[in-house]
Amino acid sequence: MGSKTVVSSFLMVSLCVAIFVTQGQGVAHTQTQPTVPGLFPPGSPIDLVKCWSSLFNVEGCVLEIAKSIFSGKFENVEAACCKAFLTLDTNCWPQMFPLNPFFPPLLKDICARIVPNSPARN
């Protein structure tokens, strides 16, 4: 198994765990929300599942973004994925990419070139 496959697999598992933990927050709404230090700040108003769902709805988008994060290359990010990314609320970015805060603005700039005239949220 190549290093890219291992890294991609690790990212996908991490995303699934993040979604699972976030979904668990909705079930235990009357109890204290579970948090992962540094990943899900307590009382965070951002719904992480909602943030990721638009990317998961575009086939291959999360993998395209994961490859871009680890390779620094954006040639695999397609227009449909860029459209989905550009519709994300920028308040989602720190929750979605806590370990790489510089990635979302960079991807936004790349996507603005791939999908010109696309309305981006601020």
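This is a predicted model: local features need pLDDT of at least 70, side-chain atom pairs count only at pLDDT 80 or more; totals for chains, interfaces and linings use all residues.

Trainee: What is the mean pLDDT of the protein chain, and which elements have the lowest and the highest values?

Mentor: The chain averages a pLDDT of 73, with 58% of its residues at 70 or more. Among its elements, helix H1 (residues 3-27) has the lowest mean, 45, while H4 has the highest, 95. Over residues 5-11 the pLDDT stays under 50, and the model gives this stretch 5 contacts beyond four places in sequence. Residues 16-40 also lie below 50, with 24 contacts beyond near neighbours in sequence.

Trainee: How does one describe helices H4 and H6, and at what angle do their axes cross?

Mentor: In general, two packed helices are described by the angle between their axes and the distance between the axes. Here, the axes of H4 (residues 79-86) and H6 (residues 103-114) come within 9 Å and cross at roughly 125°. The two helices are therefore oblique to each other, and their crossing is left-handed. H4 contributes Ala79, Cys82, Phe85 and Leu86 to the contact, and H6 contributes Pro104, Leu107, Lys108, Cys111, Ala112 and Ile114. These residues divide into 9 nonpolar, no polar and 1 charged.

Trainee: Is Ser68 buried or exposed?

Mentor: Ser68 counts as buried because its relative accessibility is 2%, and the cut-off for burial is under 20%. Ser68 belongs to helix H3 (residues 61-71). Leaving aside neighbours within four places in sequence, Ser68 contacts Lys73, Phe74, Val77 and Phe103.

How values were computed
Residues are numbered from 1 along each chain as its sequence is written. Side-chain values use heavy atoms; hydrogens and water are left out. Axes are lines fitted to C-alpha atoms, for helices over the stretch in contact, and angles run from 0 to 180 degrees between N-to-C directions. Helices (H or I, at least four residues) and strands (E, at least two) are DSSP runs, numbered from the N terminus. Angles under 35 degrees count as roughly parallel, over 145 as roughly antiparallel, 65 to 115 as roughly perpendicular and the rest as oblique. A crossing is left-handed if the near helix is turned anticlockwise from the far one by less than a right angle, and right-handed if clockwise. Contact means heavy atoms within 4.5 Å. Ala, Val, Leu, Ile, Met, Phe, Trp, Tyr, Cys and Pro count as nonpolar, Asp, Glu, Lys and Arg as charged, and the others, Gly among them, as polar. pLDDT is the predictor's confidence in each residue, from 0 to 100. Buried means under 20% relative accessible area, exposed over 50%, partly exposed in between (1.4 Å probe, protein chains only).
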